Amino acid sequence: MLKDFLFLKKKNDIKIIPYLIICILPLCLLSGSLFINLAVILIDIFFIIEIYRKKIFPEYKNIFFILLSFFYCILILNIFFNTGDVFSFERQIGFIRFFIFVFALKYYLIFSSKKYFDNILNIWFIFFLIVTFDIYFEFIFGFNILGNVSYMEGRLSSFLGAELKIGNFYNGFIFLIISHLILKKRINLYTVTLIIVFFTASFIIGERSNFLKIFIGFVLFIFLAKQIKYKTYILSSLILISFSIGLFNKSMNTRINQIVVPVKSMGIVNYVKTSHYGVHYDTAYKIFLRNKIFGVGLKQFRNESRKEIYKDNVNNIYNRDNWATHPHQVHFELLSETGIIGYISFIIIFMFAILLSFRKYLENRNIYLLSGLIFVVTSLIPILPSGSFFTTYTATIFWINFAVMISFYKKNSLK
């Protein structure tokens, strides 16, 4: 693994710096927005330097480049036509870093016949193992290896402390890591055991929405990946383990009953409407109705939702707070903040990207393409709560997977 990086160092090739930054991306995600943004911007800068020096940017003919360019233009248009009270353009302009980041990752991941990609995944695997160990440690002892304690019963904080979003991190890397294991070790007792260990960790984290996304992703992954044998056995084991933990662990049982009991009494639809997420969805929808065309602007939900006009909600029987930093659901976020123009553009662009990638997967059966595709698909499931699509943490994880998806789009991708 080191010889490839040492080769770059010996040649005084500046690519060694972005490669090293890409290797520690999981660590940056665990360290906060400052480190994430710094990593993304540095990767972008070195990529731009590489473009200038070697004139290696034919991406304007790439279908994904065209799609994301159009989406970025819609976001820029939103600056001038949003109807929010606060004029804000930082998020729209700032999105350019992720636009460049996607194609920078694509370039570095497939550079030199993808020989560095394997090294990057080896290092990501180590970080993922450390996080997995920490999750089990906290589940057993009540605090993680750094002493972090979750403020909410039944949810684990791991290295992110007060920010209970380690499930998003885990969701972002689990399929990439499993794909890497399968290609390195094939399906044997070792890989099956690790798959079960990783899946169980995603359950005991206690983030119900992220676990549902992982579970749906696992079903798709197991049955679509031709490299996986014993499909029924693996899926049955995962379901049995989840059921056992949910039944016999008090904290997990409490978290499950917080959904099961009200759903039984009032039904799924009414449960969603009366939940604290449902209140945010309702507020986002009302904001959309008042600002149908272009929305109120990115990150303006936090300002708009404070207004008294959105507090009238017959389903808010528990007097929950209408205000939030974001609607906690990507579709409601896009509707309220970018309006019908932004939302329809988003749906068309990403549905087209998903369909293209799925068709290509059926041709080349590349398991990395499948892992990125599954993450993108499950991230866009309606109704299920999610992080803000435009925040640094959530966006970086999303675009890493999107970049992997398009990196292995061609038939000659790594098999």
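Start the tour by selecting K360, which counts as buried because its relative accessibility is 14%, where buried stands for under 20% relative accessible area, exposed for over 50% and partly exposed for what lies in between (1.4 Å probe, protein chains only). The model is predicted, so that local features need pLDDT of at least 70 and side-chain atom pairs count only at pLDDT 80 or more, while totals for chains, interfaces and linings use all residues. Residues are numbered from 1 along each chain as its sequence is written, and side-chain values use heavy atoms, with hydrogens and water left out.

K360 sits in helix α15, helices being DSSP runs of H or I with at least four residues, strands DSSP runs of E with at least two, numbered from the N terminus. If its neighbours within four places in sequence are set aside, K360 is in contact with R365, L369 and Y409, contact meaning heavy atoms within 4.5 Å.

Stay in helix α15 and select I344, which also has its place there. With a relative accessible area of 43%, I344 is partly exposed.

Next, select two residues for their backbone. Most residues other than glycine have a negative phi. H328, although not a glycine, has a positive phi of about 65 degrees, and its place is in the loop between α14 (301–304) and α15 (330–364). At 21% relative accessibility, H328 counts as partly exposed. I383 is not a glycine either, and has a positive phi of about 75 degrees; look for I383 in the loop between α16 (367–379) and α17 (392–407). I383 is partly exposed, with a relative accessible area of 45%.

Now colour the aromatic rings, since the structure holds 50 aromatic pairs, where rings of Phe, Tyr and Trp (its six-membered ring) pair if their centres lie within 6.5 Å, and planes under 30 degrees apart count as stacked, over 60 as edge-to-face and the rest as tilted. Select F65 and F99, whose ring centres are 5.4 Å apart with planes at 55 degrees, so the pair is tilted. This pair links distant parts of the chain, with F65 in helix α5 (residues 63–81) and F99 in helix α7 (residues 96–141), 34 residues apart. F65 counts as buried at 14% relative accessibility, and F99 counts as buried at 11%. Then move to F389 and F390, whose ring centres are 5.2 Å apart and whose planes stand at 85 degrees, so the pair is edge-to-face; both F389 and F390 are buried.

For the last stop, select helix α9 (residues 189–204) together with helix α10 (residues 208–224), whose axes come within 9 Å and cross at roughly 150 degrees. The axes are lines fitted to C-alpha atoms, for helices over the stretch in contact, and the angles run from 0 to 180 degrees between N-to-C directions. That crossing angle makes α9 roughly antiparallel to α10, given that angles under 35 degrees count as roughly parallel, over 145 as roughly antiparallel, 65 to 115 as roughly perpendicular and the rest as oblique. Show the side chains of I195, F199, S202 and F203 in α9, which meet F211, I214, F215 and F218 in α10. By class, this contact of α9 with α10 has seven nonpolar, one polar and no charged residues, with Ala, Val, Leu, Ile, Met, Phe, Trp, Tyr, Cys and Pro counted as nonpolar, Asp, Glu, Lys and Arg as charged, and the others, Gly among them, as polar.
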